[in-house]
Amino acid sequence: MNKQQFIKDLMDKMTVREKVGQLNQCGNSIYNDDYKVGWDLLREGRIGSFLGIADVERANEMQKVAVEETRLGIPLLLGYDVIHGFRTTFPVPWTESFSWDPDLARKTAEASTMEAAANGVNWVYAPMIDITRDPRWGRGVEGAGEDTYLTSQFAEARVKGIQGDDLSDGKHLAACAKHFVGYGACMGGRDYNTADMSEQTLFDVYLPPFKSAVDAGVRTVMSAFHDLNGEPCTGSKYLLTDILRGKLGFNGAVISDAGSCDQIKIHGFTESDRDTAKTAINAGLDVEMCFGIFTFQDNLEQLVADGEVSEEMLDNAVRRVLELKYDLGLFQNPYKDIEKAEEIVNLPETRALALEAAKKSVVLLKNDGILPLKKNVKVALAGPFADNRREMLGCWAGLGKAEDAITPAEALGMHIVSSSEDCADFDVIIAFIGEPESMNGEGKSRTNNVIPEEHMELVRELKKSGKKLVSVIIGGRPLVLTEVCELSDAVLFSGALGCEAGNAYKAILTGEYNPCGKLVNTFPSVVGQAPLFYNENNTGKPPVEEFFWTSKYIDAPIKPLFPFGYGLSYTNFEYSDLSVSDINPKIGDKITVSVRVKNTGNYDGEEVVQIYVRDVVASVTRPKKELKGYKKIMIPAGETKTVEIELDTNTLGFYNRSLEYVVEKGDFRIMAGTSSEKYIETKITLK
């Protein structure tokens with residue numbers, strides 16, 4: 001029997017109450033030992049999925065109740081936040097994107113999924129693909145930065161890593177692209193806050209990563225908490241049906257964020273839970289992630305009876321849920337092998353991948369020649385993160401255990417100092433400082449995106465010693481690093497690197513590995529510059545230092561401290577001979593951008609060659625530059641390589657005032673370089 005017939009036959013047997021049950025996800029009774037509420041509802045056929053079950057014995061126990069103790073025996077979806085690892089912890093997603101290596105992200109997502117799948121999870125609430133331009137917003141740590149093109153690349157990779165080619169193979173799970181949509185644009189960088197933007201910005205900046213996820217086959221999408229342009233996202237037919245299903249072509253299941261369905265009423269968009277349930281399902285929501293209030297469970301059955309929600313609308317939602325369960329192979333085998341569950345976590349090959357990811361995810365921001373460390377220098381460590389296992393894991397660490405993490409002190413085996421007086425016997429002091437994991441993640445918005453004062457006091461104290469000072473900064477957002485860069489002879493930046501953090505830092509500090517990470521957000525010079533991003537529009541009065549009447553501040557520099565795409569190496573790269581295969585292409589043509597890159601230093605090194613484009617004149621104002629391609633390439637010391645990157649002229653368009661995607665003829669600047677601020681350029685004229 002094929003899938004369609006199987007599901008039709010099953011749905012023909014279901015009562016309206018049982019159909020509604022498939023749309024309820026229980027999340028209100030899972031963080032303690034009392035599962036009675038959820039289990040009683042489950043036995044009645046009124047729960048279709050649970051949130052937060054990541055224990056294989058409990059998962060099997062719950063599946064047994066669903067399959068053997070309910071009338072229809074429909075298995076459960078069991079969801080979990082596998083954000084950057086399950087038991088083996090990888091770098092936080094934002095930091096991993098410093099690698100500019102989506103294939104690496106695909107591999108780490110797949111490895112995390114393999115561990116989660118063995119432990120009973122079948123639905124992963126990842127990837128987060130919100131564009132993040134405001135460093136005050138704490139959830140940027142889950143994403144891939146400020147750029148639409150790069151985030152779209154990582155969205156596709158992570159979806160493919162989680163889902164693989166066959167959901168039923170027992171190793172891959174259903175992915176969930178989140179949060180639809182514009183969540184990263186919340187006003188003031190305050191989590192859950194209102195977002196308001198033009199539809200052109202929505203279509204040009206915030207929707208493309210979701211389009212990439214949909215095109216990659218993502219099976220579920222999560223609606224966002226906030227309201228966008230006056231409508232709560234979870235209750236917006238325009239967003240969930242017209243755009244997501246209509247324009248983007250998504251045909252999977254949409255789930256609310258935790259409690260965001262019942263929050264529609266709190267927004268002031270509905271009057272009652274009944275009105276909320278009607279609004280949400282008619283908008284296109286399929287599954288309600290419930291925390292305390294069950295608007296679907298308590299109201300949908302009567303709404304269908306009263307004709308306020310059509311049975312067709314209900315059936316469509318139920319069908320999408322059942323199709324997902326079928327494709328995951330749950331009807332054939334809902335159980336997991338308990339003995340294999342523990343055997344598959346923290347495998348040597350998974351730890352090796354975690355180390356690779358950690359090394360590729362560190363950015364060298366400054367180096368006065370002290371790094372890599374010379375073999376004869378005497379080195380001491382300092383700072384609250386030098387020997388803190390938990391801080392290596394970061395936020396959203398899944399089931400990662402501090403005991404699994406390797407700290408810098410453990411990896412380097414060096415003495416730890418705490419004051420300038422302790423430094424007399426050492427040549428170099430390495431301070432591990434930054435944001436603790438408690439300062440980033442959901443609900444962790446900060447008005448001051450700075451290093452905590454007590455950490456800066458330590459840096460100032462260590463500077464008094466007169467010794468060479470290396471600052472290794474861990475953070476979950478673009479931090480203001482002006483003072484620490486002034487005080488330090490070298491600066492490395494990363495977010496939490498995961499369980500292999502210590503070994504990664506050791507490899508980079510000693511020169512075993514040449515850092516190659518690049519920033520995916522613009523780093524401001526002072527707090528008041530934010531939000532700050534590289535691809536802003538030009539304005540009618542572009543900023544000029546020498547001229548007062550331009551778009552700038554009177555108390556801060558024009559430029560950021562570090563631009564998007566920035567990252568140093570232990571070697572240097574020189575760009576030359578930029579050319580384009582056709583300087584007069586027609587709209588729809590593909591062209592090749594070619595540039596020669598020479599490694600002028602003494603170390604082999606990887607470089608991320610970045611291609612930016614500017615539409616010089618258009619029917620709407622366009623950004624100063626936009627990333628349109630990149631390539632990561634290893635170049636031995638002293639050698640030159642020609643890098644070729646294909647550019648599809650169809651990607652040079654935008655959404656006009658009628659929300660039509662158009663590519664317009666005219667001049668385009670083509671820039672190739674090592675960051676968004678350091679490049680050489682040429683131009684083409686699109687016919």
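Arg 106 is partly exposed, at 26% relative accessibility. One word on what we are looking at: this is a predicted model.

What does the side chain of Arg 106 meet in a salt bridge? The partner is Asp 103, with 3.1 Å from N to O. Both residues sit in helix 6, which covers residues 102-118, and because they are three residues apart, about one helical turn separates them. Asp 103 also counts as partly exposed, at 37% relative accessibility.

Asp 103 has another contact to show. The side chain of Lys 107 meets Asp 103 in a salt bridge as well, at 3.7 Å from N to O. Here the spacing is four residues, again within helix 6 and again about one turn of the helix. Lys 107 has a relative accessible area of 34%, which makes Lys 107 partly exposed. In general terms, an α-helix has 3.6 residues a turn, so residues three or four places apart point the same way.

The side chains of Arg 274 and Glu 308 form a salt bridge, with 2.3 Å from N to O. Arg 274 belongs to helix 12, residues 273-283, while Glu 308 is in the loop between helix 13 (295-305) and helix 14 (311-327), so this pair ties together parts that are 34 residues apart in sequence. On accessibility, Arg 274 is partly exposed at 27%, and Glu 308 is partly exposed too, with a relative accessible area of 32%.

How many salt bridges does the structure hold? The count is 50. There is also a network of salt bridges, which links Asp 81, Arg 139, Glu 142, Lys 178 and Glu 442.

Let me stay with helix 13 for a moment. Its buried residues are Thr 295, Phe 296, Gln 297, Asn 299, Leu 300, Leu 303 and Val 304. Just after helix 13 comes Gly 307, with a positive phi of about 80 degrees.

If you want a place to look, Gln 25 stands opposite Ser 49 in strand 2.

Another open sheet has four strands, in the order 19-18-23-24, and here the pairing is antiparallel. At its edges are strand 19 (626-635) and strand 24 (679-686), and each of these pairs on one side only. From one strand to the next, the twist averages 20 degrees. Which strand pairs with strand 24 over eight bridges? That is strand 23, residues 666-673, in the antiparallel sense. Within this pairing, Met 671 stands opposite Glu 681 in strand 24.

Next, the cysteines. The disulfide count comes to zero. Is Cys 233 buried or exposed? Cys 233 counts as buried, because its relative accessibility is 0%. Cys 423 is likewise buried, also at 0% relative accessibility.

Last, the surface. Val 544, Phe 547, Phe 548, Trp 549 and Ile 554 make a nonpolar surface patch of about 610 Å². One of these residues, Phe 547, lies in the loop between helix 21 (501-509) and strand 16 (573-580). Phe 547 counts as partly exposed, because its relative accessibility is 45%.

Key. Residues numbered from 1 in each chain as written. Predicted model: local features only at pLDDT ≥ 70, side-chain atom pairs only at ≥ 80, totals over all residues. Heavy atoms only, no water. Pairing = 2+ DSSP bridges. Helix = DSSP H or I, 4+ residues; strand = E, 2+ residues; numbered from the N terminus. Axes fitted to C-alpha atoms, helices over the stretch in contact; angles between N-to-C directions. Patch = residues over 30% accessible without salt bridge, like charges linked within 9 Å, V, L, I, M, F, W, Y side chains within 5 Å. Areas by Shrake-Rupley, 256 points an atom, 1.4 Å probe, with all protein chains shown as cover. Salt bridge = Lys/Arg side-chain N within 4 Å of Asp/Glu carboxyl O. Buried < 20%, exposed > 50% of the residue type's maximum accessible area, 1.4 Å probe, protein only. Disulfide = S-S within 2.5 Å.
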